[in-house]
There are 2 protein chains.
Amino acid sequence: MINYPNGSHAVFKSKEPKKKNSDTVYKNRGMDFENDINLSLEFFDANDLAIITKRPTPINVVRVDYTHGAKIVDAYFEKQSTTDYNGVYRGKYIDFEAKNTKSKTSLPLHNITPHQISHLEKVIKHGGIAFFVISLESLDKVYLLDASFVISFYKSKERASIPVSEIMEKGIEIKQGYMPRYEILKAIDEAYFHEKNN
Amino acid sequence: MINYPNGSHAVFKSKEPKKKNSDTVYKNRGMDFENDINLSLEFFDANDLAIITKRPTPINVVRVDYTHGAKIVDAYFEKQSTTDYNGVYRGKYIDFEAKNTKSKTSLPLHNITPHQISHLEKVIKHGGIAFFVISLESLDKVYLLDASFVISFYKSKERASIPVSEIMEKGIEIKQGYMPRYEILKAIDEAYFHEKNN
């Protein structure tokens, strides 16, 4: 299975018949995670709390057929060179990447590209807020983990994954509910504005 | 000619034979304008001044052929519901849309969507910096125009375009050079940090 950039999956996967094996279940959970983030962001937008949007998946367009309007007939998904989400909250620039793991022990870093690490470093350098939203599926928990922690972990190259115990220790739990599904803004308040919400 | 979202043009237009009529010349100028913005942003990035990126053009993927890797064989360009550019500079969230006009008298507003206006309003509400970068081709001048001005103009609906005279009066000229091609950051300094650079 080719690893597409986050989100693009949902666009066309729904056209295919659903398989019932456990792999598919996990894939769907990953999709649910992304959908739940998107719904949370829509909630924040609709309630005038923040405007954070998902960057479209970059697609390399090779050929367009103009005979009936403009139909793209040859194109390929590209890796996002930045992160998936950015926007503004409480006057601050927000930038984050969402990662999902089924593992009970660690978050593998191989899905994070050097470009993304470099991008997050720059965001921090220019005064933005940068973090990862990490879903620990096996524990049904979601954490906000500051990007600087992930960057130093990534650069040390000692381990190819971040232990779940460290994510739980250094991260801030993102409470889950109905609306919004993920209380991402409350976690930002706690992590970067030093406010503790209930 | 169908009006594609900014930037997507460049991807495939180069595959077509170049036409020499005046329309093409103007189209290419529009492309040059976008390319020059992109090059300016790369310069700011490379020189650690700001990290502002172009959002990929959203594409609605209808069908993917998996027989040889994953080739998109049916897809369509979509209108950007936000703006083309956003990022962080001096700790502030930056969001802007680039518009080009050949007209000597005014910038038509029909290319600006209600979604974009709504998006820019939200950016301002949440404390971000929002503006338009407007290229007045006939005068070979480029201006930064605060989004709030464009929003009120758009909402008044009295006129379907902003007179060039108003752009020059209310906007801040973006100096043009070699590297960076457009001194966008200096214009931001002047407009939002009340600093006058030379």
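This is a predicted model: local features need pLDDT of at least 70, side-chain atom pairs count only at pLDDT 80 or more; totals for chains, interfaces and linings use all residues.
Residues are numbered from 1 along each chain as its sequence is written, chains are lettered from A and ligands numbered from 1 in the order in which they are written, and side-chain values use heavy atoms, with hydrogens and water left out.

**Two helices of chain A**

Helices (H or I, at least four residues) and strands (E, at least two) are DSSP runs, numbered from the N terminus. Axes are lines fitted to C-alpha atoms, for helices over the stretch in contact, and angles run from 0 to 180 degrees between N-to-C directions. The axes of α3(A) (residues 114-125) and α4(A) come within 10 Å and cross at roughly 135°, so the two helices are oblique to each other. On the α3(A) side, the residues in contact (heavy atoms within 4.5 Å) are P114(A), I117(A), L120(A), E121(A) and I124(A). On the α4(A) side they are A147(A), S148(A), I151(A), Y154(A) and K155(A).

**Aromatic rings**

Rings of Phe, Tyr and Trp (its six-membered ring) pair if their centres lie within 6.5 Å; planes under 30 degrees apart count as stacked, over 60 as edge-to-face and the rest as tilted. Over all chains, the structure holds 15 aromatic pairs.

F149(A) and F153(A) both lie in α4(A) (residues 147-156), four residues apart, about one turn of the helix. An α-helix has 3.6 residues a turn, so residues three or four places apart point the same way. Buried means under 20% relative accessible area, exposed over 50%, partly exposed in between (1.4 Å probe, protein chains only). F149(A), at 16%, counts as buried, and F153(A) is buried at 8%. F44(A) is buried too, with a relative accessible area of 3%.

**Chain B**

In α4(B) (residues 147-156), the buried residues include F149(B), F153(B) and Y154(B). Among the elements that cover the buried residues of α4(B) are α3 (114-125) and β7 (129-136) of chain B. Just after α4(B), K157(B) takes a positive phi of about 55°.

Key: Angles under 35 degrees count as roughly parallel, over 145 as roughly antiparallel, 65 to 115 as roughly perpendicular and the rest as oblique.
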